[in-house]
Amino acid sequence: VKKEILPWYRKGREFLYRLIKPYLIKKVSSHPDSATAHLKLGKVLSQLGQFKEAIQHCEKAVEINPNLWEAHIQLELLYRLSSQKGKDDSKGNRLFDNRTYDLEKSSLEKVLACCRRMVDLFPDSVEANFRMGKALLYFYGNRQDASYFFHQAIKLRCVQARAKGHFGPIFVASMHRSASGYIKRSLIKGLGLPDDVREVTPCTTWWYPDITIPYPPYALTTEPVSDAVSVGHTSGMRSNLTLLNLCVDRLVVNVRDPRQGLVSYVHYLNYFKHTDNFLGLLEAHIPQDYFLLSMTDQISWQIENFYLPATIRWIEGWLDAEEDPTFYPKMLFTTQENLVADPKGYFESILEFYEIGKQRFTFPAKPEFQHNTPMREGRVDEWREVFSAQQMQRTTDMIPERFFNKFGWAREPQLLNI
């Protein structure tokens, strides 16, 4: 409707509702047990701003037929509208805000009770769970319980997407220097997605290990989710876990033996010098005169000051998330070592986790490795040849015992007597 004719549109619409109202009143009188009749009258009364009467008829509709979904939705909206005084616009129209939860306590209690009833009656409804999350957040400020219902909503949206032949959002939190780029390219190409496919939640900072992610637009709605892939160094910090509760129903965490990751990282920083990537080096955690150090001393510096402690913290964050009862997405841990040993099996595990048939995926060719590139060697045990005995002992001592137990990384028992 054009702006200049909007007032006339409103007047015409109001005239139409006033015309229909007597007919619907007569319909309710002749069919007092018709939930649909009460609902229709309630909706018309709502459009006329007669909220108290509209609530009575919608409550009657719910009483007659508790499974009438539209009546619950209308009633939740009416409880919020009826608590407002409204504001007049320049044309004298009384306007109400259908988005606000800034209500009196009594109205918020009615909204909350209505949302609880919707979730109880329609547990598989995206809208019911989403509204319940908002009501808990706005009424109590209860982030934890609200996150649960928001997660139920995204989980149902992902289920609906898969039922229609889609695979929804695929999210991989991948440790720095653990074949992240290869995994991302392989998933995008293997699933037949365009190269410029949008990520589920693109990273906004590069300060590993505290990589944070923004809210993707779809997390704030109940719209169907799209097929998308995101692979980044996202950490398991609390702000990310809160967000991921809202936007994924499951995720993959890809790790690598930090000792081999450290060797790769040291070479990675030196690789930047061959590509004129000064921005990458500006973002790196290195001291003055770092590149004047020998390779052995660069490794020692990364062991004590950055890569190893940062990566231990990164992995611990995700292991803690796996045990966190307030983090709801399902998790699959994968390792770069498994990728090297059995590439096909590695991707099959991700496909199975996301309920994607193998016939829908084109498995990638083995990567071509070349020195002075990000894909340098892809080895799993180079650190045994590069580290000194003291560096082997120090790194093995720093890595928590649960890492070895969880991922099967080898300790070096012969070093323990050094």
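**A look at the interior**

Mentor: Start with W318, which is in contact with A173, T234, S235, G236, L241, L244, L251, V253, F327, M331 and F333, leaving aside its neighbours within four places in sequence. Contact here means heavy atoms within 4.5 Å. The model is predicted, and local features need pLDDT of at least 70, side-chain atom pairs count only at pLDDT 80 or more, and totals for chains, interfaces and linings use all residues. Residues are numbered from 1 along each chain as its sequence is written, and side-chain values use heavy atoms, with hydrogens and water left out.

W318 belongs to the largest nonpolar core, which has 120 residues; L187 and W318 touch the most other members. A nonpolar core is a set of buried Ala, Val, Leu, Ile, Met, Phe, Trp, Tyr and Cys residues joined through side-chain atoms within 4.5 Å. Buried means under 20% relative accessible area, exposed means over 50%, and partly exposed lies in between, with a 1.4 Å probe and protein chains only. Helix α13, residues 307-323, gives the most to the core, with nine residues. Helices (H or I, at least four residues) and strands (E, at least two) are DSSP runs, numbered from the N terminus.

Now the strands. A173, one of the residues that W318 contacts, points one way from strand β3 together with P169 and F171, while I170, V172 and S174 point the other way. In a regular strand the side chains alternate between the two faces of the sheet. Strand β3 covers residues 169-174, and six of its six residues are buried.

Strand β3 pairs with two other strands. Two strands pair if DSSP finds at least two bridges between them. Five bridges join β3 to β4 (residues 228-232), and these two run parallel; here F171 has S230 as its bridge partner. Three bridges join β3 to β5 (residues 250-255), again in parallel, and S174 has N254 as its bridge partner in β5. V253 is partnered with F333 of β6, and W318 contacts both V253 and F333. Strand β6 spans residues 330-335 and has five of its six residues buried.

Helix α9, residues 238-247, has eight of its 10 residues buried, so the rest of the structure largely encloses this helix. The buried ones are N240, L241, T242, L243, L244, N245, L246 and C247. They pack against α7 (143-163), β3, β5 and α13. Two of them, L241 and L244, are among the contacts of W318.

Next, follow L187, whose C-alpha atom is separated by 9.6 Å from that of L351, 164 residues apart along the chain. L351 lies in helix α15, residues 343-353. Its relative accessible area is 3%, so L351 is buried. Not counting residues up to four places away in sequence, L351 touches L191, I356, K358, F361 and F363.

The last two of these bring in aromatic rings. Rings of Phe, Tyr and Trp (its six-membered ring) pair if their centres lie within 6.5 Å; planes under 30 degrees apart count as stacked, over 60 as edge-to-face and the rest as tilted. By this rule the count comes to 25 aromatic pairs. In one of them, the rings of Y265 and F306 have centres 5.8 Å apart and planes at 50 degrees, so the pair is tilted. Y265 is in helix α10 (residues 258-275) and F306 in the loop between α12 (295-305) and α13, 41 residues apart, and the pair links distant parts of the chain. Both Y265 and F306 are buried. The rings of F361 and F363, with centres 5.1 Å apart and planes at 85 degrees, are edge-to-face because of that angle. F361 counts as buried at 6% relative accessibility, whereas F363, at 26%, counts as partly exposed. F361 and F363 form one aromatic cluster with Y182, Y346 and F347.

Two rings also have a charge over them. A charge sits over a ring if NZ of Lys or CZ of Arg is within 6 Å of the ring centre and within 35 degrees of the ring normal. The charged end of R177 sits over the ring of Y268, 4.1 Å from the ring centre. For R250 over the ring of F353, that distance is 5.8 Å.
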